[in-house]
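These are my notebook entries on a structure with its sequence. I record what I looked up, entry by entry.

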Amino acid sequence: MQPAVQATMEFLKLYWVPLLCGVIIVALLPLIAGYIVLVERKLMADMQVRLGPMRVGPHGLLQPIADALKLLIKEDIIPENSDALVFWLAPVLSVGAALLALAGLAIGPAFQVAQDINIGILFVVGISAMGIFGIVLGGWASNSHYSLMGALRSSAQLVSYETAAGMALVAGLLFAGTLNIKAIVDAQQSAGVWFGLLSPVALFTYLVASIAETNRAPFDLPEAESELVAGYMTEFSGFRWALYFLAEYTNMVVVASVATTLFLGGWLRPFASVHWLDFLDYFPTLLMVLIGVYCLIRVPKQPSRVHQLFMLAVAALCFVVALVLLAPVILPIAHPFKAGILGSFWFLLKVSLYLYLFMWLRFTLPRYRFDQLMRLGWHFLIPLSIINVLLVGIALIAGSYFQLQGWALLLATTPAAVIGLVAAIVLLSVEQKTHSAAAPSAAADFYGG
Amino acid sequence: MADKLIFYFFAAIAVGGAVLTVTRRNAVHSAIFLITSLLATAGVFLQLRAEFLFIVQIILYVGGIMVLFVFVIMLVNLDVSLQQLQFSRQKWVALIVALALAGQVGVMFWSAEKLPGQILPGVTAAAADRLPPNSEAVARSLFSTYLLPFEIASILLLVAMIGAVVMAKKRT
């Protein structure tokens, strides 16, 4: 009996953190995705000078829960001529791949489900790319022309832009010299400078490619509602539709996390190795306190008693979070906990900013035509990212020749970035010269563009 | 023990998926089972502590090649393919080839038992915990020992790609 108990304890010691993280992610992610949707709607409303959802809860704060309930109790329709089994499998595949990819990511130095895997970032990229099968098979199984068109467009788009995204990641990984996620962030700490600063071209390429990979506007051709009803999601309703939505937003979080880890310093605060900037550790607390105070100011303006109480509760929540964030700075807590709590804050803040950029671009840029999308991918992004890998390699060799390290490495990489920028401008002008007169090609007709 | 269980689990899925791939009449279902089979093979790689091969298998075969497969299959008219005869009539040739292959595998296992300390002829086992980090080891051998074959293979792929582009281009 005794060895069995001991083995169980050992097992728990090894696995309780990953298990707990996994359960938290799977349980909380639908809620988080719902609130990302709310933020997106609010942002869209703000940019279009409207109020956005205001009815459910103060400032529409309970809207995601109402939406989720509505989707859950909707009728589940499976088209008669569809392939029922594949129709059932497709959304599950999408969500499964997206959630599994999250397992490889590290929110803080301690919060990681699959801890310290050697192939870290490749795992995340590879597994999340499998989500495409959910879209393709879902579009095919619906047995509808709009769905099939959406699925075809989606697979063509993903295959095209994955190359550019992969090349951008290669440029970042050249600096890190490892695939392990923890080691990548540690490399940025010891270098003292984020890899996004060292290679802004790679960051830009990854940003554009990741928008295309998550099927977001201005590249949301697979679900272009003005042409394809809703693309591959046309025949899906209720909970299955919600699963696709969950997968899409999870994928957004995944690409944002990958970009944060590789290019924006992961869970490190800005200038993590500069010690006279240590007062930045108080920034998380300050931010939460400010949000809480703002909520308190807004309390008297709420229309009803319930709304006022709710607003008070939100303010209280902000103060509690502020206290939690203050604790590791003031109290003498062991280092891993301190780095864990503050690190998670910085990581989530960066991910949120990246997502904000996604939304901003969505509400600013009009949708591309399909042949334009393909040309942007193949004639601009892929050559640019390959040139960038070359330039980064040369810069690194020059850096090691002159023994440049940390910030001094910028001396070698800045010329590379400038050359990359010139290459981008040349590529764009060549592109415009060759295609300005040409009408949409026959390929556009083929894809239904 | 757990290692063996995991291996047989993935191996069973891989073989089952492969059998279903060739027996399904619906091409998309075949593709789904082929994906299952490839994923199970990736699982076997992981069980062998070859995590780099595991993820390359997923990225290249599942995420790259199979997406293109499914892309093409979706455009095929399934009603026509359902009418066609599925298996070719070269039964006897197939039987002879299969028997020869089975014999080869059998001889390999038989000779492996004769030579103690070796898993397969010419392959020595390394302890799993003493394997170097995979991706580094693969990169090192690709870019030092096998540099020339690697470059030749790359050139071959490039030629194939350019050839495909030239053939696909419209003649004006």
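**Entry 1: the two chains**

How much area do chain A and chain B bury between them, and what percentage of it is on carbon and sulfur atoms? I note that the model is predicted, that local features need pLDDT of at least 70, that side-chain atom pairs count only at pLDDT 80 or more, and that totals for chains, interfaces and linings use all residues. Residues are numbered from 1 along each chain as its sequence is written, chains are lettered from A and ligands numbered from 1 in the order in which they are written, and side-chain values use heavy atoms, with hydrogens and water left out.

I find about 2200 Å² buried between chain A and chain B, with 83% of it on carbon and sulfur atoms. Buried area here is the accessible area (1.4 Å probe) that two parts lose on being put together, summed over both. The size of an interface is often given in this way, as the accessible area lost when the parts come together. I count 25 residues from chain A and 26 residues from chain B in the contact, where contact means heavy atoms within 4.5 Å.

**Entry 2: domains of chain A**

I read three domains for chain A: domain 1 (12-61), domain 2 (74-268 + 354-436) and domain 3 (278-353). The bounds come from an automatic or database domain assignment. I looked up the pair formed by domain 1 and domain 2 of chain A, whose C-alpha centres lie 21 Å apart. Their contact takes 15 residues from domain 1 of chain A and 19 residues from domain 2 of chain A. Together these two domains of chain A bury about 1500 Å², 84% of it on carbon and sulfur atoms.

How many salt bridges are there between domain 1 of chain A and domain 2 of chain A? The count is two. I also looked up the salt bridge in which the side chains of A:R216 and A:E40 meet, at 2.6 Å from N to O.

**Entry 3: a nonpolar patch on chain A**

I find a nonpolar surface patch of about 1100 Å², with A:W16, A:L31, A:I65 and A:F239 among its residues. Patches are made of residues with over 30% relative accessible area and no salt bridge; like charges are joined within 9 Å, nonpolar side chains (Val, Leu, Ile, Met, Phe, Trp, Tyr) within 5 Å. Accessible areas come from the Shrake-Rupley method with a 1.4 Å probe, and for residues only the protein chains shown count as cover.

Helices α1 (2-47) and α2 (63-72) of chain A each supply at least two residues of the patch, and α1(A) gives the largest share, six residues. Helices (H or I, at least four residues) and strands (E, at least two) are DSSP runs, numbered from the N terminus. A:L31 lies in helix α1 of chain A. I class A:L31 as partly exposed because its relative accessibility is 41%; buried means under 20% relative accessible area, exposed over 50%, and partly exposed in between (1.4 Å probe, protein chains only).

Is A:T261 buried or exposed? A:T261, in helix α11 (residues 238-263) of chain A, is buried, with a relative accessible area of 1%. Leaving aside neighbours within four places in sequence, I find A:T261 in contact with A:I181, A:I184, A:V185, A:Q188, A:G266 and A:F347.

A:L262 is also placed in helix α11 of chain A, and A:L262 counts as buried because its relative accessibility is 0%. With neighbours within four places again left aside, the contacts of A:L262 include A:I121, A:L169, A:I184, A:Q188 and A:F195. A:L262 and A:F195 are 67 residues apart in sequence, yet 6.8 Å apart in space, C-alpha to C-alpha.

**Entry 4: chain B**

I count seven helices and zero strands in chain B. Buried residues make up 21% of its 172 residues. The accessible surface of chain B comes to about 12700 Å², 73% of which belongs to carbon and sulfur atoms.

The assignment for chain B gives domain 1 (1-82) and domain 2 (131-172). These two domains of chain B bury about 340 Å² between them, 66% of it on carbon and sulfur atoms. B:R49, B:E51 and B:F52 supply 85% of the area that domain 1 of chain B buries against domain 2 of chain B, more than any other three residues. I find zero salt bridges by the rule across this interface of domain 1 and domain 2 of chain B.

Note on methods
A salt bridge is a side-chain nitrogen of Lys or Arg within 4 Å of a carboxyl oxygen of Asp or Glu.
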